[in-house]
Amino acid sequence: MLVYTLKRLILAFLVALTVSGITFSLTYLAGDPATAIAGETASDADIEYIRELYGFDRPIYVQYLEWAGKAFRGDFGMSFYFKLPVADLLLERLPISMTLGVCAISFAILLSIPLGVLAAMQPNSILDRLALGISVVGQAMPSFWFALMLIVMFAVWYPILPTTGSETWQHFILPTIVLGYYATPAIMRLTRTGMLEVLGSDYIRTARAKGLPQHVVLFKHALRNAVIPVVSLAAVQFGFMLGGSIVIESIFALHGAGYLAWESIGRNDLPVVQAVVLVFSLFYIILTFLSDLLNAWLDPRIRVG
Amino acid sequence: MKRFLAASALASLALVSAVPAALAGKADDTLNIVWERELENVDSYFNTAREGIIFSRMTWDALLYRNPQTMAYEPLIAKSYKWVDDTTLEFELNEGITFHNGEELDADDVVFTYNWVSNPDNGVKTQRNVNWIKGAKKLDKYKLQVMLKAPFPAALEFVAGSVSIYPKDYYEKVGPDGMGLKPVGSGPYKVTELEPGKKIVWEKFDGYMKGSPKGTPTIGKVIQRTIPERNTQIAELLAGRADWMWRVPADQADRLSGSGRVQVVNEQTFRIGYITMDAAGATGDTPLKNPLVRKAIAHAIDREAIVKALVRGKSSVVHSACFPTQFGCEQGVTKYPYDPAKAKELLAEAGYPNGFEIPFYAYRNRDYAEAMIGFLNQVGIKTNFGYLKYAALRDKIRAKEVPMAFMTWGSYSVNDVSAITSNFFTHGKDDLALDPQVKELLHTGDTTVDSAARKTAYSAALKRIADEAYWIPLWSYNTNYAFSNDVDFTPTSDEIPRFFTAKWK
């Protein structure tokens, strides 16, 4: 397990390094950063002054090394737009995205795994069709539309839930449902398929032949093996929720890091874009790393595979 | 099952009872306003957003006040002003004005502000608001002079608008960063809470100057929240959790208005749409160098129909390269009514009987641009349409890569032709006509204090721009404001919502 962990760790580090390089280079492809900072009314002299002031006139690899060195120490520079340290902005906004992401993935798992298990227990039954129906609706329905429908229901028709802001836990209920529901179909289908496969295997027949109770067979023997691919998928979905909640954050005025990144792209606020993309990528890498370890723990064959 | 139902009922009850009370409105004397844009820094010298202008008018006062109805300059911090000569303005201040932190406002504060903002090293973001100032000097405690770098008659627009007066002692101590987090002004409302980009809370300033032309604020508290999604804003408004929003699209405005739950008021704005064309040939040898072609394009587009069907509201077609109320905006210029037959005739005369193909760009209102493309197609002009972000399109225009584009300009709400015509026809980066005669005339208008002489110069310039069809002025824009039935609010054409004049009904 130690060798496996070390190998995965080195791989994660290399991916992080590559991502940071790509992130830094891509943001420079968006145009001249000096012009972006200078604004509409700037003269050529102003732009040149800013180029020198921010060091944009230096070779890009020098700028990258300096940026990476500072980022490693948690210093992501100053936001061009807000004139505030990017690290402060991230610290203020990341918890909102994290909270939403954790709530949404929890909601998705709590909804989809039981549904997947129930559907697999009685294939082609009404329950199975209902679960698949929920899954199809979740996949087909645009999340912004679903969000707006919930807002209309719970803010205009029956005003019982707050629809904007992040002050209390109630503010997260509607965004969690929307974002979590979006991830439900994939996890539910994978759980169902995995369970169907495992429930037809020899060792489950053996367990049943030994007279083990149904819940022990299902949850102790079958589910543990069926969820191995689900763990990886859930990790990916969680990463997606952190970075991909831009639309949801925008609709529910959550002012999280996802929305910050989206707005910063439009404002050419490079330090913010670079930092958010890097931090989200790191989350993604860490989640994948942890899911690999969890899978290796669940299935020892992976460690030697 | 019974246990499940009981648990569900309990959970629902807990959920409902835990929901925070709806935001206050008339009952709690709190006006809740929402807008979609995050404001980078509330210091009025370090943001360029219109929301920043709204903020500054609430929080700070300037020396003068431009009455939004009459467009006349009225005394505010200054009780009187006079031109000493073409480059010197003298002001006498009202006594007894205090800032929100209790500091008394006198000539030292005004002189400090003017000298500070006019120093390029201090990096004021919108330089055009202040780069006409040479400096200021104190004459006595309540009297001072502002010196201009050159004769600039439109200076009063800035004196009465964007040059907010800051408290010297406080600003010297905290600088732009401090002012951006804890703003202190002498305006009708003081900021009591600020979460950058998310929320602003103002409270009525009880020490506000008596007899201000801005009036005496009546609403106790104004809370602004940033909600990026317009549909969410509408839901908040309908649910009574917001009292005011703006920039409601025309179709949604109709629906909101019909609901009877809120009021919708439409008002035109200083912003006008126009088509800029490469008359000087900077982008290459295009048909647009020929004035007959430019006139043909002007005749080809049915602007009245687009205004009626798409732009709607209080918008109207404009014929001159400026907003009609702006000082010097000559209306007696050559007009190009919709006449496709005439357009074809002009094209044939110019040597393009079968039309031609040309790139055409836009950055907003894609539907308006597509309508124009349809009209151009009807006279044989095919377009390669490019739709870009504003900054990208502006860069492309300045790099002389755009022969023809649909653009708009809001004049920074400055009621003077120099804020639009002079910006585009004095051989700057956005000038695609490069007409020396127009440049000379505008220079005369921009640097002469004599109003009559200015009007004459601007009139000649605008007539020539229209005669040569350098631009096709299209229409004025409008904004829909939606607000609670409890609120008495009057929008103005300079697109600066003045919440200090709002009242409860």
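## Salt bridges

Over all chains, the rule counts 34 salt bridges. The rule asks for a side-chain nitrogen of Lys or Arg within 4 Å of a carboxyl oxygen of Asp or Glu. One such pair joins the side chains of Asp494(B) and Arg66(B), at 3.0 Å from N to O. Asp494(B) sits in the loop between strand E17 (487-488) and strand E18 (503-504) of chain B, and Arg66(B) in strand E2 (residues 64-66) of chain B, so this pair ties together parts that are 428 residues apart in sequence. Helices (H or I, at least four residues) and strands (E, at least two) are DSSP runs, numbered from the N terminus.

## Basis of the model

The model is predicted: local features need pLDDT of at least 70, side-chain atom pairs count only at pLDDT 80 or more, and totals for chains, interfaces and linings use all residues. Residues are numbered from 1 along each chain as its sequence is written, chains are lettered from A and ligands numbered from 1 in the order in which they are written, and side-chain values use heavy atoms, with hydrogens and water left out.

## The interface of chains A and B

Chain B puts 37 residues in contact with 33 residues of chain A; contact means heavy atoms within 4.5 Å. The two chains bury about 3,000 Å² between them, 55% of it on carbon and sulfur atoms. Buried area is the accessible area (1.4 Å probe) that two parts lose on being put together, summed over both.

Two salt bridges cross this interface. One of them links the side chains of Glu92(A) and Lys198(B), at 3.2 Å from N to O.

On chain B, the elements that give two or more residues to the side touching chain A are helix H1 (2-18), strand E10 (221-226), helix H6 (230-238) and helix H12 (390-398). H6(B) gives the most, with five residues. By class, this side of chain B has 14 nonpolar, six polar and 17 charged residues. Ala, Val, Leu, Ile, Met, Phe, Trp, Tyr, Cys and Pro count as nonpolar, Asp, Glu, Lys and Arg as charged, and the others, Gly among them, as polar.

## A four-stranded sheet in chain B

Four strands of chain B form an open, antiparallel sheet in the order E4-E5-E7-E6. Two strands pair if DSSP finds at least two bridges between them. Strand E4 (78-85) and strand E6 (133-140) of chain B are the edges, each pairing on one side only. The twist averages 20 degrees from one strand to the next.

E4(B) and E5(B) pair over six antiparallel bridges. They form a hairpin with two residues between them. Ser80(B) has Glu92(B) in E5(B) as its bridge partner. Six bridges also join E6(B) to strand E7 (residues 143-148) of chain B, again antiparallel. Lys137(B) stands opposite Gln145(B) in E7(B).

## Helix H3 and its neighbours

Helix H3 (residues 107-118) of chain B lies across strand E5 (88-93), E6 and E7 of chain B, at about 165 degrees to E6(B). Axes are lines fitted to C-alpha atoms, for helices over the stretch in contact, and angles run from 0 to 180 degrees between N-to-C directions. H3(B) also packs with helix H5 (residues 168-181) of chain B at about 35 degrees, with axes 9 Å apart. Asp108(B), Asp109(B), Phe112(B) and Trp116(B) of H3(B) meet Lys168(B), Tyr171(B), Glu172(B) and Pro176(B) of H5(B). This contact has four nonpolar, no polar and four charged residues.

Asn94(B) is in the loop between E5 and H3 of chain B. The side chain of Asn94(B) reaches the backbone oxygen of Leu76(B) at 2.7 Å.

Notes. A polar contact is a pair of N or O atoms within 3.5 Å; within protein, one must be able to donate a hydrogen and the other to accept it, and residues adjacent in sequence count only if both atoms are side-chain atoms.
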